[in-house]
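Subject: Structure handover

Hello,

Here is the structure I promised you. Please open it beside this email and follow along.

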Amino acid sequence: MQEYNNDYYLAQILQQNMRYTEETGKTKKCLTHTFGCQMNERDSEILFGFLTQMGYERTDREEEADLILLNTCCIREKAESKVLSELGELRRYKQKNPDMIIGVCGCMVQQEGMVNTIRSSAPHVNLIFGTHNLHELPRFIYEIYTTGEKQIEVLEKETGVHEGLPRHREYPFKALVNIIYGCNNFCTYCIVPYVRGRERSRKMEDILQEVRGLVADGVVEITLLGQNVNSYGLDLKDGTNFAGLLQELDKIEGLRRIRYMTSHPKDVNEELVKVIAASQKVCHHFHLPIQSGSTAILKQMNRKYSKEDYLAMVELIRRYVPDATITTDIIVGFPGETEEDFQETLDVVRTVKFDNAFSFIYSKRTGTPAAKFADAVTLEEKKERLQRLNDTLAEISKGINDHLQDTDMEVLVEGPSKNNPEMLCGRTDGNKTVIFLGSPDLIGQIVKVHITEAQTWILKGTLL
Ligand code: SAH
Ligand code: SF4
Ligand code: F3S
């Protein structure tokens, strides 16, 4: 059942935008700015898909935009302050173009009190909606067009899974695919369960159909998305699970690589590792956020595994998938983290030898249990721990990459290198970045590259 009639709203908006073009000779332009993780990136594809259907053209310049949408993140305080400062800057564009629509959506607005904060600190914002009513963008824009009134609607709870929404993809050869929304884990530091709701899996058939369509459209690599992909299917209560989904996806002809983000260490088991080892297409890259190496801190974080559990899981992976790359997320300075706890983290980092890691200083999130935990460690000390951690990670990564020198690796060519547009940039199966010289015609293809130089975070090579 559809409780909204997007087709009607989209047609009405398109008609008005076409009339605007006839009268002024100009096309309405939009800009979306995405903060945060790949879930948000995927959501922005939907937003941009809708905007395209409304006849909007994309621009990268705020000054010529008729509609600006900020798709926000609130995982750490820094993410939030970036949004608030950008919102402040947008005020002057609205002064120049009073008809401009400025919208804020995404995780940040789902937090209690945030709508009021935005309303009072950024009165030029005339559209606010949350993660649970993203699919209603057409109605909000239609209302603004017809009434001129601000539209502010943030649903507190999830409203199931919405299929069939439009999308605009950034890359022709790779795609993000949602498999499960929300999170039930409630790690004590984390805001996500409060802003993304409870776990809801998409039906396996819907996912397979989407991926078949993407492959027919030229996609060779998919990244399955979920806050905890290992929980996939469990809420459907019909025997569906993540390992089963991987097995089905592996059979899709033409698809070359399957990635996924993120896997929770508590749910990695032998069955899953065996399925990955036996598959043709699932990449040998395991991103398994450990957060801390101290069992005491892990308990405080409600992560449901110990240091020893994590190390045992890594052994299991190395046994079945000897060429696996293993990456992680680490938080330093969680409330109550002692120097000894931090040493445990360094110890795990040295034992596992992570290929790469995202490392963060703990950021207090109002409304989470950890916000009430006593925290005696100073920010200076936390910064110093982060530095020591990053130095250790860099040293290990360089050591691993040195071993890859003079080997040949398969690389999916993604585009020109950011730092040197003369060069191409691509990724190995294990998600390592490789830079090499080649023709732009190769973008989207999987090629062989001989590694000639190992750096700390990237590899350089020559095309074979
Ligand atoms: N669902 C994923 C993580 C999503 S958030 C998982 O469970 O692994 C991405 C990362 O942000 C987390 O792994 C964690 O390292 C970090 N993070 C989350 N909340 C944080 C906070 N309050 N302060 C600092 N880092 C945080
Ligand atoms: Fe946050 Fe934990 Fe859920 Fe990941 S598993 S999104 S860290 S609550
Ligand atoms: Fe941020 Fe929301 Fe992702 S809080 S990290 S954008 S799920």
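Two strands pair if DSSP finds at least two bridges between them. Helices (H or I, at least four residues) and strands (E, at least two) are DSSP runs, numbered from the N terminus.

Some ground rules first. This is a predicted model, where local features need pLDDT of at least 70, side-chain atom pairs count only at pLDDT 80 or more, and totals for chains, interfaces and linings use all residues. Residues are numbered from 1 along each chain as its sequence is written, chains are lettered from A and ligands numbered from 1 in the order in which they are written, and side-chain values use heavy atoms, with hydrogens and water left out.

Antiparallel strands

Start with strand S15 (residues 408-416). It pairs with strand S18 (residues 446-454) in the antiparallel sense, over 5 bridges. Glu410 stands opposite Lys448 in S18. S18 also pairs with strand S19 (residues 458-463), again antiparallel and over 5 bridges. Here Glu453 faces Lys460 in S19. A hairpin of 3 residues links S18 to S19.

The parallel sheet

Next is an open sheet of 3 strands. Its order is S7-S10-S11, and the pairing is parallel. Strand S7 (174-178) and strand S11 (257-261) are the edges, each pairing on one side only. Neighbouring strands are turned by 25° against each other on average, direction ignored. Axes are lines fitted to C-alpha atoms, for helices over the stretch in contact, and angles run from 0 to 180 degrees between N-to-C directions.

S7 and strand S10 (residues 221-225) are joined by 5 bridges. Ala175 stands opposite Ile222 in S10. Helix H2 (residues 38-53) packs on this sheet and touches S7, S10 and S11; its direction makes about 100° with that of S7. Helix H7 (residues 204-216) also packs there, touching S7 and S10, at about 170° to the direction of S7. Contact means heavy atoms within 4.5 Å.

Helices H8 and H9

Helix H8 (residues 242-250) and helix H9 (residues 270-278) pack at about 10°, with axes 9 Å apart. H8 and H9 are therefore roughly parallel to each other (angles under 35 degrees count as such). H8 contributes Phe242, Ala243, Leu246 and Gln247 to the contact, and H9 contributes Glu271, Leu272, Val275 and Ile276.

How enclosed is H8 by the rest of the structure? Largely, because 7 of its 9 residues are buried. Buried means under 20% relative accessible area, exposed over 50%, partly exposed in between (1.4 Å probe, protein chains only). The cover over the buried residues of H8 includes H7, S10, S11 and H9.

Most residues other than glycine have a negative phi, and most peptide bonds are trans. A cis peptide bond joins Met261 and Thr262, with omega about -5°. Thr262 sits in the loop between S11 and H9. Gln291 is not a glycine, but its phi is positive, about 70°. Gln291 is buried, at 7% relative accessible area. Lys304 also has a positive phi of about 70° without being a glycine. Lys304 is exposed, at 52%.

Ligand 3

Finally, look around ligand 3. Its shell includes Cys37, Cys73, Cys74, Cys107 and Arg196. A residue is near a molecule if one of its heavy atoms lies within 4 Å of it.

Best wishes

Notes
Angles under 35 degrees count as roughly parallel, over 145 as roughly antiparallel, 65 to 115 as roughly perpendicular and the rest as oblique.
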